[in-house]
Amino acid sequence: MEAARGWAERAIETGSHTDPAAAAIGRVAQARLVILDGDVARGLELLDDAGTAAMAGDLDALSTGVVYCELVCALQGLAQYDLAEQWTEAMERWARTNAIGSLHGRCRVHRAEILRLRGQCASAEQQVLLACEELRPYVRRELGWPLTELGRIRLRRGNRTGAEEALLAAHRLGWDPEPGLSLVRLADGDVDTAAAAIREALARPLPVPSKELPPTSELRRAPLLDAQVRIAIAGADLETARVAARELEEVAVAFESNALAASALRARGEVLLAEGDAAGASASFTDAVRAWNEVGAPYETAECRLRLADAQRALGNLRAETLEREAARTELDRITRAPAGVEPRTDMAELDSFVREGDYWRVVFDGRRVTARDSKGMHHLARLLAAPGREFHVLDLAAADAADPGAAARLARGGDAGPLLDARAKQMYRRRLAEIEDDMEEARADHDIARQEQTELERGFLINELTRAVGLGGRDRYAGAASERARAAVTQAVRKAIGRLRDVLPALGDHLDRTIRTGTYCVYVPDPRVPPSWST
């Protein structure tokens, strides 16, 4: 921690004179260290300062995404879910037009975390599966992050086999699967294995990363302690449960988190009920229900209602027991119920369509038909929808819509703004390519097919980037000022068209906001599990 503190201070000092991105990233690290020192209020102020720099547009695109992501991770680790949700929404608004590389996938993981908390587990699982696909070409071990989240979601939905598969996959990638894996064992009825695993996780935390939780902190122990209380109670180990519940309460007080306080109240109720103090347990569970409800966490609220029902039964209050149990079951059924399957469409008349008819466009989406006035943005959308997954350079989109495409091409060749990749970036890309070759050799030697596929994807991405930036004979390709003007014009036209479509068909506007990416390259990326059926 002390070494991290020194590097954070150096980043802030150096960045203040030379690079705002270095200063902003340093402030995030400094804020997290201040929080771990116990000054939560000051740490939250520093996080807000870093986020403000990102929102102000002072940073480059990659650094902006990193700051947003680290900021949300810090708030998630502190269980400040309301703030995490607000910054996640800010990150998503920014990502619609600016995100590059793996940042779309990171945004999706954060959205999945919030959806899980809010009880929208079907949507959360959809988001995290898409995140895995978007992150896979760029990262290796960090893919364990969305896989761990997938395990949490599936466990809540009652899919214990799927949860175990996701958590074991995360573990194979070098990510810590606890406490999720121990809770899966508990759900399977293997209390002894669960108890041993959670005890080991607390005694000897693995030196592997977590996006939200530093490995040596009390915050890292909090979810483990919560799980240990449940597991120890199931195994009739009351002393272990008491110790874990007391420590969890101390962590909640130290970090001033309503969600951690709610978790501690439930743990306290578990211990009191196991000790035979049904009245005390009822009071703790009642407070936990109220606290989780204020946090906005319906799954945790329902779990506490079930335990409150058990306490009421022990007290002989059968009517109160029935009331709490029915309320809990209704909410849990809503959360765990699988969504209806999507049937493939066979009637061509019902296909989604985006067709120009004179000065208007006829648009059909999800069975509803609307018309929209012609505009450049509608032309751009039509090209993107006709070729899902294909990236279009903004100059290509602008030229296709120009009365004189030759003039647009001539304009693109003027006003050079410098090479697409500077010398340092090219050096880093080439060095990473050399590392990937070594990784591929190791994967082949280990017969690790998944790792081979992942390294090949990353290798292909880097080669494409170098090919895009370096021409014949190693000459740099230049980004023109015309490209930047086209990027701004195309982005504005597309977003304006989406806004007009949202006014007449909100569901379509939301769909396009999620799936249309703009920037120097524009692309339509629909859900890969529901193939698009646009007729254009």
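This is a predicted model: local features need pLDDT of at least 70, side-chain atom pairs count only at pLDDT 80 or more; totals for chains, interfaces and linings use all residues.
The chain contains 24 helices and 8 strands, and of its 536 residues 48% count as buried. Among the contacts in the chain with a separation of 6 or more, those between residues 24 or more positions apart account for 60%.

Helix H3, which runs over residues 40–55, consists of 16 residues and spans 22 Å from its first C-alpha to its last, close to the 22 Å expected at 1.5 Å a residue. The buried residues of H3 are Val 40, Gly 43, Leu 46, Leu 47, Ala 50, Gly 51, Ala 53 and Ala 54. When H3 is viewed down its axis, these buried residues fall within an arc of 155 degrees, so they line one face of the helix. Just after H3, Gly 57 adopts a positive phi of about 80 degrees.

In the pair formed by H3 and helix H4 (residues 61–77), the axes come within 9 Å and cross at roughly 155 degrees. Because angles over 145 degrees count as roughly antiparallel, H3 and H4 are described as roughly antiparallel to each other, and their crossing is left-handed. On the H3 side the contact involves Leu 44, Leu 47, Ala 50, Gly 51, Ala 54 and Met 55, which meet Thr 64, Val 67, Tyr 68, Leu 71, Ala 74 and Leu 75 in H4. Of these H3 residues, Leu 47, Ala 50, Gly 51 and Ala 54 are also listed as buried.

For helix H13 (residues 238–255) and helix H14 (residues 258–275), the axes come within 9 Å and cross at roughly 155 degrees. H13 and H14 are therefore roughly antiparallel to each other, and H13 passes H14 in a left-handed crossing. Residues of H13 in this contact include Leu 238, Ala 241, Ala 245, Leu 248 and Phe 255, while those of H14 include Leu 260, Ala 264, Ala 267 and Val 271.

Helix H15 (residues 278–295) packs against helix H16 (residues 298–315) at an angle of about 160 degrees, with the two axes 8 Å apart. This angle makes H15 roughly antiparallel to H16, and the crossing of H15 past H16 is left-handed. Among the H15 residues in the contact are Ala 278, Ser 282, Phe 285, Val 289 and Trp 292, and among those of H16 are Thr 301, Cys 304, Leu 308, Ala 311 and Leu 315.

Two single residues were also examined. Ser 182 lies in helix H10 (residues 180–187) and is buried, with a relative accessible area of 0%. When residues up to four places away in sequence are not counted, Ser 182 touches Ala 194, Ala 197, Ile 198 and Ile 231. Ile 114, in helix H6 (residues 103–117), is buried with a relative accessible area of 1%. With residues up to four places away in sequence again not counted, Ile 114 touches Gln 76, Tyr 81, Ala 84, Glu 85 and Thr 88. Ile 114 and Gln 76 are 38 residues apart along the chain, and their C-alpha atoms are separated by 9.2 Å.

Technical notes: Residues are numbered from 1 along each chain as its sequence is written. Side-chain values use heavy atoms; hydrogens and water are left out. Helices (H or I, at least four residues) and strands (E, at least two) are DSSP runs, numbered from the N terminus. The expected span of a helix is 1.5 Å times one less than its number of residues. Buried means under 20% relative accessible area, exposed over 50%, partly exposed in between (1.4 Å probe, protein chains only). The arc is that of the directions from the helix axis to the C-beta atoms. Axes are lines fitted to C-alpha atoms, for helices over the stretch in contact, and angles run from 0 to 180 degrees between N-to-C directions. Angles under 35 degrees count as roughly parallel, over 145 as roughly antiparallel, 65 to 115 as roughly perpendicular and the rest as oblique. A crossing is left-handed if the near helix is turned anticlockwise from the far one by less than a right angle, and right-handed if clockwise. Contact means heavy atoms within 4.5 Å.
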